[in-house]
Amino acid sequence: LDANDFRHDFHAFGVSALLMAQLYKCKGKDWSVRSHEPALKQAANLYLAGDFPAAKRILGEEFKKLEAARKAVIDKPVYIMNMPHGGILFENEGYAEYDSPEDAAKILNIYLDWSERFGYKFAPDIGACTLEHLAKLYPQTIARLKKAWSDGRIEFVNGTYSQPYMQLWPLWDQDKQFEIGLKVFERLFGARPRVYGAQELALHPEMPALLKKHGYAYAIHRSQNLGVAPIDRAPFINWESSSGDSIRALPSHPLRTEVRGSEIWRHFPVLLASGRNEGMPFIAFTNFIDQTFIDIYFMEFVRTEQYAPVWGEFLTPSEFFNKTKDIEAVARAYKIDDYDYELAVNAGSGHGPRTGGYSSEISFMLESGRQIREKEKQGISDEAALKKLLAQEAHDCYIIPHIATGFFTEGSLPDYTGPRYRCSNDGPGG
């Protein structure tokens, strides 16, 4: 390969051509890449001659033609919001996406490289607790994230200290999750999230009041794991709590892009062509996949974006809400039973067998929280104890007793070289 990996852009064109043919087939129409062949051959010859700028100009024109081909059958705006999810890190010991803090930092730097080189925009869903400890280990990664946020190339979503299942904890604990989490974001980045979004289902009817209290402007009323939010055909909702507080939110549309995970790219044509998009003024892809997974076609989508928004526009959630601000939002007040929570012993997810012990873990933490609240009423502040409690409320903590560091990532990545602990406290069977 050439020094700047330009050859990969030809591959990206080939992937887009393959997907374009699939899109047209889904729409019952014919499309062929043959009309692009003369220009592609010319660009390839210039590439071989070392004239990269000229080859890139020609390739760019062909990508623009692909964009026009997509718009000929899908003419409504397509928005792509990637919110890579990560956690959790305690001091220098990590679990799940942070089994290896070093690998986690490397992956974030890959995304930042794409952002700088190709204009890729994304919005990490990473808890403040994890970022706080990552900053001690890899301060340069945090510095790059800070600059990217300042430049408008990324923004963080969520904003809580440890990304808990909010519906399981008292409102006092939830309030502290935002209060302490947002303080950490301010200290590390000089900014705080304005959009709430979370991979694991943490939505409940009283959240709009909490979000308004802590200065949030928008919410993404969708989730990928451990349950789903109710489907709503309204483009936007004014999500209301019982107090009357409301926040503009993107609901879960019938297409349910949020549950697709890493496989979303290979299915893009089918999703675009789906009849579930009928009546919608736009198609909003929201991807909460674990930051660990860079699946097939992902890089090619990102590389395509530097030439033309062939498949849609990568943007941050704040940019999305700003672009769509003139679309009316419908008032919605949900009940707890409107949400499909899967956090149960017989849950239909892979985590189902592990969640049975979570209730006993919660009972200990509820007592710890009560003691901290009582001290606070007496004017006694213990931030270290509070942070410990909030970290223990993290959504990953119900899994940790049943696995060891390295279990999650090694099982997903064959080239994993990070820490491995060969013993665990318990197994799913107890």
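Predicted model: local features only at pLDDT ≥ 70, side-chain atom pairs only at ≥ 80, totals over all residues.
Mentor: Contact means heavy atoms within 4.5 Å. Residues count from 1 along each chain as its sequence is written, and side-chain values use heavy atoms, without hydrogens and water.

Trainee: Which residues of α4 and α6 meet?

Mentor: From α4 come A105, L108, N109, L112, D113 and E116. From α6 come T141, R144, L145 and A148. The set divides into 5 nonpolar, 2 polar and 3 charged residues. Here Ala, Val, Leu, Ile, Met, Phe, Trp, Tyr, Cys and Pro count as nonpolar, Asp, Glu, Lys and Arg as charged, and the others, Gly among them, as polar.

Trainee: What makes α4 and α6 helices by name?

Mentor: α4 covers residues 101-118 and α6 covers residues 139-151. Helices are DSSP runs of H or I with at least four residues, strands are E runs of at least two, and both are numbered from the N terminus.

Trainee: At what angle do the axes of α4 and α6 cross?

Mentor: Roughly 35°, and the axes come within 10 Å. Axes are lines fitted to C-alpha atoms, for helices over the stretch in contact, with angles from 0 to 180 degrees between N-to-C directions.

Trainee: Is the crossing of α4 and α6 left-handed or right-handed?

Mentor: Left-handed. The term applies if the near helix is turned anticlockwise from the far one by less than a right angle; clockwise is right-handed.

Trainee: What makes β1 and β12 a pair?

Mentor: Pairing needs at least two bridges found by DSSP. β1 (residues 78-82) and β12 have 2, in the parallel sense, so they pair by that rule. I80 stands opposite F314 in β12. The open sheet has 3 strands in the order β11-β1-β12, with parallel pairing.

Trainee: Why are β11 and β12 edge strands?

Mentor: β11 (283-287) and β12 (313-314) each have a single partner strand, so one side of each lacks a neighbour in the sheet.

Trainee: What is the pairing in the sheet of 5 strands?

Mentor: Mixed; the sheet is open, in the order β6-β7-β10-β9-β13. β6 (195-196) and β13 (329-332) have one partner strand each, so each has a side without a neighbour in the sheet. β7 (residues 218-220) runs parallel to β10 (residues 246-250) over 3 bridges. β9 (residues 236-240) runs parallel to β13, joined by 4 bridges. β9 and β10 run antiparallel, with 4 bridges. R248 in β10 is the bridge partner of Y218 and of N238.

Trainee: How many residues lie between β9 and β10 in their hairpin?

Mentor: 5, and G244 in the turn has a positive phi of about 95°.

Trainee: What makes E91 and R256 stand out?

Mentor: Most residues other than glycine have a negative phi, and most peptide bonds are trans. Phi of E91 is near 50°, and phi of R256 is near 55°. E91 lies in the loop between β3 and β4 (93-94). R256 sits in the loop between β10 and α9 (268-273). There is also a cis peptide bond, joining G87 and I88, with omega about 15°.

Trainee: Which residues line the largest cavity?

Mentor: R222, H253, L255, R256, T257, E258, N277, M280, F282, I283 and A284. By class, the lining has 5 nonpolar, 3 polar and 3 charged residues.

Note on methods:
1 Å grid on protein atoms, 1.4 Å probe; cavity = no way out; pocket = protein on both sides within 12 Å on 5 of 7 lines; lining within 4 Å.
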